[in-house]
Structures are given as C-alpha cells and as structure tokens.
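Welcome! Let us walk through this protein together, one part at a time.

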Amino acid sequence: MQIAVDAMGGDRAPRVVVQGAVEAALEWGIDVILVGDAKEIQGALKDYPKTDRVEIHHCDEKILMDEQPLKAVRKKKKASITVAFELVKKGRADAVVSAGNSGATLASAIITLGKIEGIERPGFAGIFPGYKDNVIVIDVGANVDCRPVHLFQFGITGHALGSAFLGMRNPRVGLLSIGEEGGKGNEQVRIAHELFRDSDLNFAGNVEGRDIFTGRVQVIVCDGFVGNVVLKLSEGMAETVTKMVEDSMTDSLPGKIGFLFARHGFEKLKGKLDYSEYGGVPILGIKGVCIVCHGGSSSKAIKNAVKMADSYAAKNVQAEISICLERYGKKVS
C-alpha cells in the first residue's frame, strides 16, 4: 500500500504533517508519498533519517483553510490535495490523508474519483470510543443540509464501515433525534425513520444524545451539522474531564498517592479518549480512500491517520458499501 499525504494541508503544514507521515513509515513500514512543494517538504525532512518508504511528489499549489472549497478546487488544478487524489486515480497511491480544508478535500475527492454508484452524498464517519466498543457517528461535518434519503444512505455506509473495517456483526443502527419515539424530531428525521424502519437494516429506532457512548447501538446517523457539534463537544468534553480528573487526583497528598496506584488505568482511559489515537475520519461513499484530519492535528494524529488509511484500503470498505447498497438500498428510489 502507498498512502498519498497532502503535505501542504493543515494549520502546521508541512512540518507536523511530514513528521507524522515519516513516523508512520518508520514505525509501521508504510510507504508514503508526500505531495506538495518539494523544497518545503525537503526542509521538513532534514531532521529525519532517510528511508526508501518516503518519496516526494512536487506540485506548486495549495488550498488554504479559509478558501471557498469548490471554487478553490476548480481554480487550482495542481493543488496538493487534488494531485494526491490524482495519484490514487492513476494507481500510484491507494489512499489519501489530508489535514487541509475539509470542504476542498471532499470536493476534490468527488470531482477526481467520483462517488460510488447509488450514493448521493458522501459523508464523514467519526469513530468514537464507546463504553464497550467503538461507535460510528455519520455524518460529522460533510453535509449540513440533508434529505431523508441521505440519512438513510449514511446508515448503510456506516453499517458497511462497521462490518468491514471494525469487525462488527450486523451492527445496530440508530437515528439521532430528540426522543426515542418515531414521531419525534424534525421532518427529515421523521421521514428517515420510516425509511430505516421499512428496510432490512438492523434498525434500533431513534436514539438520543445520551445514548451515543452507551453501546446501545453501533452506528448513529445524523446530518453533518448535528454530527459536527457532537464531534467537537465530545472532544472538548474528553479533554476537560481528563484534566479535571488529573487535577482532582493531584491536588492533595492522599490524591497524589492514590494517583500513583491508579496511573496505569488513568493513562489507558486518557488514551482511549484522545482523538489523535484515531487519526481522522474516513469519507464514506467515494470511489477511493481518504482520511480527513483536523486542521490542527498533531504529528501523532497524522501518523495514526496514515495507519488508518493503510488498513482501510486493505479491507476494501468501498466494495462492502456497494454490496450493502444493493442489499439494503434498492427499496429506496
């Protein structure tokens, strides 16, 4: 597998992006292609040992975080993110990782690679740590306005991701709403509930925000506006709770002594709640593999995103999505 990394994408590119990509190559033996300005990339590489697993693919343009996504993609034909997807299209790479402008990443993926047949709106799938196992939330930011059929397709693609990538057996799908009753929620949620109810998916009905981490369901469906709020709230809450627990355990001598005994469990919990352990979120519904990272991602997050892309491509999740669309989506026009 070769992973094309958008070296110019992100708040701290290329230095931090290059660092994460090189660490993935050295630690796990993953071949990476750093796409972007060769001079800047070489400057960022000078502090690392040379390895045949890292190569540079030069391009002159990059899309900034505050640029209008579609306009920028159409104007900058040789932007690093577009060139990365072109490498996948030409068979030079198997997946893309980017911490750049997420809207531009999505637009470039659709324009360059296209959508899987039957998919109207590709979505971002967030993988959250649940009480027992991981939980998939889709969409977490790709589509702020959705029709009911889009929500239904998110459920199908989430089911495919859980089955093929996370090893879930017939994952239970829930529709995020303001109440468990099918009649609760706005119009798009109520209609989507009917689509799910009449399908052969393992539909558990509506779920509320408090159910996200309990393990009651493995796939949670919502529009990208709600999903992005869930994502950012969860990350902020995890960071705050972790800090509060650490402070409370170290603000007194008895607490410090107790912390020494509980340190291993605390570090395990801290790691489970750390978003950088997951790297990024896959785009579900495109004809290819892309992991989208936070603009402010650390080198650790980039490293883990590269590993995630490598594993995702190896498990051929796109094929599972096509199978699931045929199995569960043919009743919906």
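Which residue forms a salt bridge with arginine 216? Arginine 216 pairs with glutamate 180, and the closest N and O atoms of the two are 3.5 Å apart. A salt bridge here is a side-chain nitrogen of Lys or Arg within 4 Å of a carboxyl oxygen of Asp or Glu. Side chains of opposite charge can pair when their charged atoms come close.

Before going further, a word on what you are looking at: this is a predicted model, in which local features need pLDDT of at least 70 and side-chain atom pairs count only at pLDDT 80 or more, while totals for chains, interfaces and linings use all residues. Residues are numbered from 1 along each chain as its sequence is written, and side-chain values use heavy atoms, with hydrogens and water left out.

Back to our pair. Helices (H or I, at least four residues) and strands (E, at least two) are DSSP runs, numbered from the N terminus. Arginine 216 is partly exposed, with a relative accessible area of 28%, and glutamate 180 is partly exposed at 40%. For these words, buried means under 20% relative accessible area, exposed over 50%, and partly exposed in between (1.4 Å probe, protein chains only).

Another salt bridge joins the side chains of lysine 184 and glutamate 181, at 3.2 Å from N to O. Lysine 184 is partly exposed at 37% relative accessibility, and glutamate 181 is partly exposed at 47%. Salt bridges that share partners also join Glu180, Asp211 and Arg216 into one network.

By the rule given above, the count comes to 10 salt bridges. One of them brings together the side chains of lysine 303 and glutamate 27, at 3.0 Å from N to O. This pair links distant parts of the chain, 276 residues apart: lysine 303 belongs to helix α10, and glutamate 27 to helix α1 (residues 15-28). Lysine 303 counts as buried, at 15% relative accessibility, whereas glutamate 27 is partly exposed at 48%.

Now step back to the domains. The domain assignment gives domain 1 (1-119 + 285-316) and domain 2 (124-278); such bounds come from an automatic or database domain assignment. Taken over C-alpha atoms, the centres of domain 1 and domain 2 are 26 Å apart. Their contact (heavy atoms within 4.5 Å) takes 16 residues from domain 1 and 15 residues from domain 2.

What holds for the interface itself? The area buried between domain 1 and domain 2 is about 1,300 Å², with carbon and sulfur atoms giving 63%; buried area is the accessible area (1.4 Å probe) that two parts lose on being put together, summed over both. Across this interface the rule finds zero salt bridges. On the side of domain 1 that touches domain 2, α5 (102-113) and α10 (299-314) each supply at least two residues, and α10 gives the most, with six residues.

Finally, look at alanine 125, in strand β5 (residues 123-129). Alanine 125 is buried, with a relative accessible area of 0%. Beyond its neighbours within four places in sequence, alanine 125 is in contact with residues including Leu161, Val281 and Ile138. Isoleucine 138 is 13 residues from alanine 125 in sequence, and the two are 4.5 Å apart in space, C-alpha to C-alpha.
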